[in-house]
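Reader: Can we go through this one together? I'd like to begin with the overall layout and then look at some details.

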Amino acid sequence: MAHRNTPWWRQGMDISSLPRMVTDSPGPQSQAMHARASAIIKGLSGQVKLHPVCFKEGYGVVLRDVDGNEYIDFSSGIYVTTLGHCHPKVSEAVAKAAHTLMNAHDFTTPIKTKLLEKLVSILPRGVNGVQLYDSGTTAVEAALRAARAYTGKHEFISCYMDFHGKSGHSVSLAKMNPTNGPARAEGFYLVPRPDPYRPLFTKPDGTIDTDAYIAFFDNFIDNVTTGQVAAFVLEPIQGWAGSIMPPDDFFPKLRALCDRRNILLIADEVLTCMGRTAKWLALEHWDTVADISTLGKGFGNGFPVTAMVAREEIKESFEKISASTSYGGNPMACAAALASINVIEDEGLLENAAMLERFFLARLQKMQEEHPIIGHVRVKGCLLGVELVKDRTTKEPFDEAGKRVYKSAFRKGLAWIPAGHILRLSPPIIMDEEVAGKGMDILDEAIGEVERELGYA
Ligand SMILES: Cc1ncc(COP(=O)(O)O)c(C=O)c1O
């Protein structure tokens with residue numbers, strides 16, 4: 001069942017004329033505002049540099065820029081506003097807290113207690129230890145500290161092309177570059193993870209061989225680590241790398257490996273939690289429970305609130321790592337997270353995300369039949385990935401096409417996030433088929449246009 005009632009964001013909105021583009025995009029006001037800001041702020045992301053729009057307002061599934069153009073939102077900020085922009089119940093809850101009590105350090109407050117109890121009620125049975133933080137990165141760092149405190153071991157294994165944040169240890173869980181070096185922190189190791197479209201280990205029939213990855217990890221633990229591995233840390237679905245989804249047998253087999261080797265499983269669910277993939281936690285798709293998970297992004301639907309959660313037997317070790325932070329668990333943050341969970345339940349949004357998954361998958365598969373440059377499509381809930389390739393046999397990434405499709409679709413009124421040749425789409429889970437279809441139409445048109453420009457049609 002999709003939305004239980006007419007969605008709040010549709011009331012008073014003329015959906016038929018969405019998107020509404022009144023100037024070229026980026027328009028003159030956007031360009032002028034961006035010029036002023038970018039003279040001061042440096043290091044902006046590639047997507048902003050490619051298409052420097054200046055957003056002014058957001059409501060539900062719509063974003064408005066300073067020139068008055070209205071876009072359909074397929075980005076949710078950066079996977080953050082899972083419930084759309086300015087959900088009245090979330091905004092009101094934050095405003096009320098902001099007028100009542102803004103900070104009480106790690107003292108208990110009524111709103112924090114309610115959030116903790118509510119959160120535990122939606123987590124897998126037995127996951128009932130929580131610490132609250134203010135960014136995905138700080139939650140990931142806490143997970144590493146908790147794993148070390150619980151196991152007494154210090155090493156970590158993570159995966160190629162995962163992303164876990166930008167602090168000292170979280171960068172060591174991912175790809176290093178010369179500026180976050182000089183080297184990976186000691187005791188941090190990376191291994192390849194299974195990508196069904198680009199498998200490293202295959203069976204004789206060419207399909208992905210999950211057992212070979214698991215055998216490799218076993219081998220790696222014996223031959224590369226010192227045997228002091230505290231945890232295997234990974235994203236359930238790789239976000240930054242391009243919505244890369246594991247084969248269905250991967251997580252159950254990884255869970256078994258961790259149990260056999262006495263290693264904790266840490267799922268970094270910062271991007272995938274709270275309905276993004278149509279489940280509270282993405283690992284539920286594979287009936288797997290992590291020992292420790294990190295929550296962020298959609299957890300507060302835009303308010304910076306994150307969490308590190310763990311199974312009962314691990315939570316006592318949290319005593320060794322302190323729950324004290326300046327902002328983590330402040331009343332406004334707790335109000336945002338609590339209201340977001342309640343909204344997901346009250347509005348049947350996990351079901352709505354599952355409905356959207358079926359819709360998006362069918363549309364993308366149809367587009368794949370029609371567009372030779374689409375090499376692979378994948379969808380879980382409202383987390384979508386589309387790989388553009390120069391040739392379906394060689395699977396050579398088509399970065400130029402990715403860039404052009406991004407700009408073309410944005411100009412037509414679709415706000416979204418590219419990743420080189422991979423189109424990453426993350427619409428809010430409140431969307432309905434009508435608006436979702438409009439977004440897909442824009443993408444379809446933009447891909448067709450780029451194929452013609454590049455001689456593929
Ligand atoms: C899986 C994952 N972990 C951690 C982070 C870091 O979160 P934050 O930017 O809130 O520090 C991100 C951010 O994109 C992420 O996607």
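Predicted model: local features only at pLDDT ≥ 70, side-chain atom pairs only at ≥ 80, totals over all residues.

Reader: How many residues does the contact take from domain 1 and from domain 2?

Author: Domain 1 puts in 19 residues and domain 2 puts in 17 residues.

Reader: Which elements give two or more residues to the domain 1 side?

Author: They are helix H12 (349–370) and the strands E11 (374–380), E12 (383–388) and E15 (422–425). H12 gives the most, with five residues. By class, the domain 1 side has ten nonpolar, three polar and six charged residues.

Reader: Switching to the ligand. Which residues are closest?

Author: Ser135, Gly136, Thr137, Gly165 and Val270, out of 14 residues that surround the ligand. Helix H6 (residues 136–151) supplies the largest share of that shell, three residues.

Reader: What is the shell made of, by class?

Author: Seven polar, five nonpolar and two charged residues.

Reader: Now strand E3. Are its faces buried or exposed?

Author: Both faces of E3 (residues 70–73) are covered, with Glu70 and Ile72 buried on one side and Tyr71 and Asp73 buried on the other.

Reader: What does E3 pair with?

Author: E3 runs antiparallel to strand E2 (residues 62–65), joined by three bridges, and pairs in the parallel sense with strand E13 (residues 414–415) over two bridges. Ile72 stands opposite Val62 in E2 and opposite Leu414 in E13.

Reader: What about the turn between E2 and E3?

Author: The two strands form a hairpin with four residues between them, and Gly68 in the turn has a positive phi of about 95 degrees.

Notes. Residues numbered from 1 in each chain as written. Near = placed C-beta within 6 Å. Nonpolar A, V, L, I, M, F, W, Y, C, P; charged D, E, K, R; others polar. Contact = placed C-beta atoms within 7 Å. Buried ≥ 20, exposed ≤ 12 C-beta atoms within 10 Å, placed from the backbone. Pairing = 2+ DSSP bridges.
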